[in-house]
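Hi,

Here is the structure I promised to pass on. My notes follow below it.

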Amino acid sequence: MRTEIQTVSLRSRLGRQLQHGDLIFRIVALLFAVLVVVLLGAIIAVTWHGSADARHAFGWRFLTTSVWNPVNGQFGALPAIYGTIVSSIIALLFAAPLGVMIAIFLNALCPAKLRMPIGMMVELLAAIPSVVYGMWGVFVFIPFFRSYISTPISKTVGSALPLFSGPVNVGRGLLVAGIILAIMILPTIAAISRDVLAVVPNSQREAMLALGATRWEVIRHADLPYARAGIVGGMMLGLGRALGETMAATMVIGNTPKIHASLFQPATTAASLIASQLPNANTELHSSALIFLALVLFLITLVANSIARALVWRVSRTGSGA
Amino acid sequence: MAQAFVGRRYRRRVLVNRLMLVLTVLATVISLVPLVLIIFYVAQQGIGSLSIDFLTHTFRPISFGTTSTGGGVLHAIVGTVIIVGFSLLLAAPIGIMAGIYLAEYPGNTASTAIRFCVDVLSAMPSIVVGVTAYVLIVQRVKSFSGFAGSVALIVLMVPIITRTTEEILRLVPQTSREAAIALGAPKWRTTLTIVLPMALSGIATGVLLAFARAAGETAPLLVTVLGNNNLTYDLFGPMQALPLLAYRYTEQPYKVLNQQAWGAAFLLVVIVLGINILVRIFTRTRSPR
């Protein structure tokens with residue numbers, strides 16, 4: 001009896017929705033939206049399937065061995081993973097403090113007239129195509145860096161510290177790549193830090209001011225703790241961007257799949273190894289290994305971005321940073 | 001005694017305050033330097049290599065020592081327009097409809113899952129997308145093609161369009177929807193004739209930003225489109241594109257080609273920054289992150 005009524009009411013609701021076309025519209029919109037899920041699923045399925053040869057041939061050893069020799073069919077991804085992580089961390093070391101400082105400046109100190117243009121300029125940095133950063137790195141930054149920074153440092157500090165040892169050669173290497181990546185991820189960190197600093201309630205600042213705090217103390221003890229989780233999230237988003245960045249890294253890092261102690265030596269990243277070798281891969285195993293590397297890169301960026309999203313989300317939803 | 005102590009502490013606090021405030025200004029200036037340098041350098045080098053020949057001719061063979069070949073980048077401009085245009089045709093409807101679904105039917109399991117996928121897609125390294133298109137199309141057909149590049153660009157554009165569409169639709173006042181429904185309009189009609197027109201400029205913004213992003217992408221094209229020195233309109237063969245040409249010519253030892261690379265980079269920067277600046281001035285929205 002009861003179920004009968006329910007089915008009748010359900011049928012009439014369905015009928016009404018169908019009659020008005022609402023159900024059809026909803027289903028059509030849903031189909032398009034599901035396409036987005038299909039795209040993501042296709043990427044995961046294709047890279048998983050395409051990397052089967054390399055996964056069966058090397059297994060976990062792929063991630064821990066460091067010989068990359070397409071001629072002998074030996075593929076170890078450690079140099080690429082090392083290069084990816086080290087260049088991204090260098091980028092973060094430069095960009096994180098600068099980005100947060102810009103956000104503080106724009107939020108608390110900047111004259112109202114300058115706020116719009118400066119904020120806009122910083123964000124426009126994010127829109128410039130990465131190949132342009134790469135070109136600037138190749139033609140302008142590397143020659144400058146080699147003559148004035150890396151050569152003098154490798155000749156003095158480098159003789160004692162292997163981290164900065166020479167020879168500098170053409171100047172392409174990990175540190176240069178890290179600095180170019182830093183310029184590229186700076187806007188991401190600055191923009192997100194600025195957004196989360198903007199939601200700090202004024203009462204927090206006023207309480208500090210009432211206690212006689214200086215402007216810096218207000219920033220240090222009211223703004224920053226409140227927005228901390230969001231700022232860290234912005235840094236992780238920047239890190240995610242640096243990990244996956246391809247062109248700028250490819251053009252300035254030197255593309256040599258070897259691990260060197262020195263930051264001035266050429267290296268490679270996962271993305272740039274794929275970009276430079278995949279179009280010329282002759283053997284099945286070679287392309288399969290590169291596809292496997294793409295899968296690994298995807299997983300690394302997924303982890304970084306998930307942490308970032310969770311942190312930013314926590315601040316912007318509840319407004320309480322931990 | 002106590003007073004001197006307080007005074008000393010106070011002076012220290014004021015000093016730290018000054019120091020840190022100066023540091024933030026310094027950090028901002030330091031960060032703006034590369035931007036100014038890059039734009040200045042691109043403009044200086046790029047404008048120098050612009051000419052009628054540059055825009056209307058394709059590649060011409062060169063030898064060492066020549067200062068001008070009379071060659072140009074027309075093939076790359078045509079390639080970029082075809083590749084990005086084709087992906088825009090497919091990405092715009094997918095992205096807009098997905099955005100409509102997320103904004104108009106929020107709060108169910110499907111929309112939460114879809115939003116998560118959009119987030120993951122938008123943070124996906126572009127080279128991974130390129131690899132996927134390479135495996136799916138280039139390896140199957142055994143030929144590099146502009147079409148494979150278009151497919152990769154679709155994946156990069158859809159999340160941008162979806163997110164801006166969703167955000168803009170959320171800004172349409174609920175009262176407008178209620179007014180339409182009160183007049184007896186079904187939901188689909190409300191959405192298509194009331195909500196969408198109100199949000200049209202915002203949606204166009206998202207599509208433009210996606211176009212700007214895709215036009216500058218190099219990595220996915222590198223492994224799918226490959227490059228081509230001849231003018232071609234065939235989407236199913238190797239093509240040339242502006243960012244790809246800029247990369248290839250940068251790696252060349254010929255000064256003439258390096259100069260043309262700067263010309264291509266200048267065109268790219270003008271397109272991309274032009275769209276971004278226009279969008280900001282007219283709508284005051286920011287590209288989604």
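In chain A, take the contacts with a separation of 6 or more: 75% of them join residues 24 or more positions apart. Please keep in mind that this is a predicted model.

First, the chain itself. Chain A has 13 helices and 2 strands. Of its 322 residues, 51% count as buried. The radius of gyration of chain A is 25 Å, whereas a compact globule of 322 residues would have one near 20 Å. Along the principal axes, the C-alpha atoms of chain A fill a box of roughly 90 × 70 × 30 Å.

Next, the interface. Here 70 residues of chain A are in contact with 73 residues of chain B. Helix α2 of chain A (residues 22-50) gives the largest share of the chain A side, with 17 residues. By class, that side of chain A has 52 nonpolar, 12 polar and 6 charged residues.

α2(A) packs against helix α3 of chain B (residues 74-104) at an angle of about 110°. Their axes are 8 Å apart. Angles of 65 to 115 degrees count as roughly perpendicular, and α2(A) and α3(B) are therefore roughly perpendicular to each other. The crossing of α2(A) past α3(B) is left-handed.

Which residues make the contact? From α2(A) they are A:A29, A:L30, A:F32, A:A33, A:L35 and A:V36. From α3(B) they are B:I94, B:M97, B:A98, B:I100, B:Y101 and B:L102. The residues of this contact comprise 12 nonpolar, no polar and no charged.

Best wishes

Notes. Residues numbered from 1 in each chain as written. Chains lettered and ligands numbered in written order. Predicted model: local features only at pLDDT ≥ 70, side-chain atom pairs only at ≥ 80, totals over all residues. Helix = DSSP H or I, 4+ residues; strand = E, 2+ residues; numbered from the N terminus. Rg over C-alpha atoms; globule rule 2.2 N^0.38 Å. Buried ≥ 20, exposed ≤ 12 C-beta atoms within 10 Å, placed from the backbone. Contact = placed C-beta atoms within 7 Å. Nonpolar A, V, L, I, M, F, W, Y, C, P; charged D, E, K, R; others polar. Axes fitted to C-alpha atoms, helices over the stretch in contact; angles between N-to-C directions. Parallel < 35°, antiparallel > 145°, perpendicular 65-115°, else oblique. Left-handed = near helix turned anticlockwise from the far one by under 90°.
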